[in-house]
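Subject: Structure for your review

Dear colleague,

Please find below the structure that I am handing over to you. I would be grateful if you would read the notes that follow with the structure open beside them.

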Amino acid sequence: MTRSSELFAAARRYIPGGVNSPVRAFRGVGGEPFFVERASGARIWDADGRELIDFVGTWGPAILGHAPRVVLDAINATAQRGVSFGAPHALEVEMARTICEWVPSIEKVRMVNSGTEATMSCVRLARGFTGRGKIVKFTGCYHGHVDSLLVKAGSGALTHGHPDSAGVPTELAALTITLPFNDADALRAVFAEQGKEIAAVIVEAVPANAGLYFPEPGFYELLWKLCAEHESLVIFDEVMTGFRLARGGYQQIIGMKPDLTALGKVIGGGLPVGAFGGRREIMDMLSPDGPVYQAGTLSGNPLALAAGLAQLNELERVDGWAKLEALGAEFEVRVRAGLKRAGRDYNFRRIGSMFCLYFTNGPVRNLAEAFASDKAAFAKFFHACLERGVYFAPSQFEAGFLSLAHTAEDLAKVADIAADVLSKI
Ligand code: KE4
């Protein structure tokens, strides 16, 4: 029995499914999860001493790699002055200023403790600001485990086959309209029928919780136009893409300004942080100035903000986004060459440091097409790569992440392993 198996057996006794977040349970690929002993740079070591090149990166936060020196030093220094105050402190001002300066659409911002809290607060704020109840989301998009948004959701909800979670009252789910992503006709129709009831449309800037698919040309322009015409808000979920795809997030790349943006992951440097922000007149609806209540004991926690600021400032110092693009481009060339060598025409796609290999040779523009992937083949691929020291996300319906700690040699080695595995499964 391995140490991970021992730990998993014990974990299952005290923790539902043995994990504190479902997607960690390997249900999407079968088998038991390994337990992590430590992580540094692009590598993690499991409880049995196995070294793995990591492409999950704790689901996005580890953009500099694990436990970067700048983050550790910031945490250590800050902790000497206390770990939580429950009162305002200077780091909150520095983080808020940084977010507002880097993300043009954000005029005011509030810190929370997870991406879920960020999107949940955006939804409540949109409903409070517009006085309307309905929310539009897209199938396969995952915005955290918010009741209103656990409707045809992605990520673990998809992996575990519960895109519509139990426990969400039908009366509440009825306020959430779900549409296929990239379906312009469906979007037009729903606004034509119900536009005046729609508080907001929430969308992952680049949907990455059903693998990774991209907005078709013109789709976001239509989304912005319809929302403006019906005085509905655009909530851009950049929890995954924010500060990863560009200094100003995906919205900077496409040159568009959502009304509200949800953030998380990278801005915590690996510690629990989320944030939401947007137009001043909307954000000023929040308590204590306005009637929309939102709060959090540990919101703006000094350790989490110190870690996040250290990470953001390091990204800017080294122009991490240019480096991540170069690494991503190199990885893509090698993976595509590997697919060719393996005689597989699977659908690989990448944006910046985010990637996904769909085990299908068809197009993937939405959830229905993502479902065409051969999940059994993916599971075999996942475990074969794991056995050779490469850890990809344990589900076909997740994205992979590169970090500044991955080297060109790492990527060459991994592409060769992937090609060899693909040629044999
Ligand atoms: P958290 O509440 O898990 O911090 O963030 C929720 C969230 C919101 N929006 C987007 C676009 C997200 O990707 C997420 C969370 N991402 C998943 C990974 N696909 C978290 C992994 C997990 O659930 O353990």
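Helix H3 (90–102) and strand S4 (108–112) each contribute at least two residues to the lining of the second largest pocket. Please bear in mind that this is a predicted model. The volume of this second largest pocket is about 480 Å³. Its lining consists of 24 residues, and those closest to the centre are Glu-92, Arg-110, Met-111, Ser-299 and Gly-300. Sorted by class, the lining of the second largest pocket comprises 12 nonpolar, 10 polar and 2 charged residues.

I turn next to the cavities. How many cavities of 30 Å³ or more does a search of the whole structure find? The search finds 2.

The largest cavity holds about 240 Å³ of space. It is lined by 23 residues, of which Phe-355, Cys-356, Leu-357, Phe-381 and Phe-392 are the closest to its centre. By class, the lining of the largest cavity contains 17 nonpolar, 4 polar and 2 charged residues.

The second largest cavity holds about 50 Å³ of space. Its lining is formed by Gly-41, Ala-42, Asp-54, Gly-57, Ala-62, Gly-65, His-66, Arg-244, Phe-401, Leu-402, Ser-403 and His-406. These lining residues divide into 4 nonpolar, 6 polar and 2 charged. Asp-54 and Arg-244, both in this lining, belong to the charged class, because Asp and Arg count as charged. Gly-41, Gly-57 and Gly-65, which also line the second largest cavity, are placed with the polar residues because Gly is counted there.

Why is Asp-416 described as partly exposed? Its relative accessible area is 45%, and the term therefore applies because this value falls between the limits of 20% for buried and 50% for exposed. Asp-416 and Leu-339 are 77 residues apart along the chain, and their C-alpha atoms are separated by 9.6 Å.

With kind regards,
A colleague

Key
Residues numbered from 1 in each chain as written. Predicted model: local features only at pLDDT ≥ 70, side-chain atom pairs only at ≥ 80, totals over all residues. Heavy atoms only, no water. Buried < 20%, exposed > 50% of the residue type's maximum accessible area, 1.4 Å probe, protein only. 1 Å grid on protein atoms, 1.4 Å probe; cavity = no way out; pocket = protein on both sides within 12 Å on 5 of 7 lines; lining within 4 Å. Points joined across faces, edges and corners; volume = space filled by probe spheres on them. Helix = DSSP H or I, 4+ residues; strand = E, 2+ residues; numbered from the N terminus.
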